[in-house]
Amino acid sequence: MAVLPGSAFGEDGTVLRMRVATALLYGETGAQREAALASADPVALPWIATALTRIEEVLADLAR
């Protein structure tokens, strides 16, 4: 997972802040992205559930 410091977006460099890119959260293909946007429950889609689990793991590691 790639992250950038908040200072890369003009935020105060003395504050601990990061930005997480979520562009691929919706899918790697056009069909997956369309399915995610059309879904009543996108979190139930396997590629989104996997991505959210990975984000959760990374953030938990940062909190340690």
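Buried means under 20% relative accessible area, exposed means over 50%, and partly exposed lies in between (1.4 Å probe, protein chains only). Keep those classes at hand for Asp61, which is partly exposed at 44% relative accessibility.

This is a predicted model, where local features need pLDDT of at least 70, side-chain atom pairs count only at pLDDT 80 or more, and totals for chains, interfaces and linings use all residues. Residues are numbered from 1 along each chain as its sequence is written, and side-chain values use heavy atoms, with hydrogens and water left out.

**Stop 1: Asp61 and Arg64.** Select both side chains. They meet in a salt bridge, 3.2 Å from N to O. The term requires a side-chain nitrogen of Lys or Arg within 4 Å of a carboxyl oxygen of Asp or Glu. Arg64 is exposed, at 76% relative accessible area.

**Stop 2: Arg54 and Glu57.** Select this pair next. Their closest N and O atoms are 3.6 Å apart, in another salt bridge. Both sit in helix 2 (residues 46–63), three residues apart, so about one helical turn separates them. Helices are DSSP runs of H or I, at least four residues, numbered from the N terminus. Glu57 is partly exposed at 39%, and Arg54 is partly exposed at 44%. The search of the whole structure finds two salt bridges.

**Stop 3: the largest pocket.** Select Ala21, Leu24, Leu25, Ala51 and Ile55, which lie nearest its centre among 15 lining residues. Now colour the lining by helix. Helix 2 gives the largest share, five residues.

Technical notes:
Helices (H or I, at least four residues) and strands (E, at least two) are DSSP runs, numbered from the N terminus. On a 1 Å grid over the protein atoms alone, a cavity is a set of points where a 1.4 Å probe fits but cannot get out, and a pocket is an open set with protein on both sides within 12 Å along at least five of seven lines; lining residues have an atom within 4 Å of a point.
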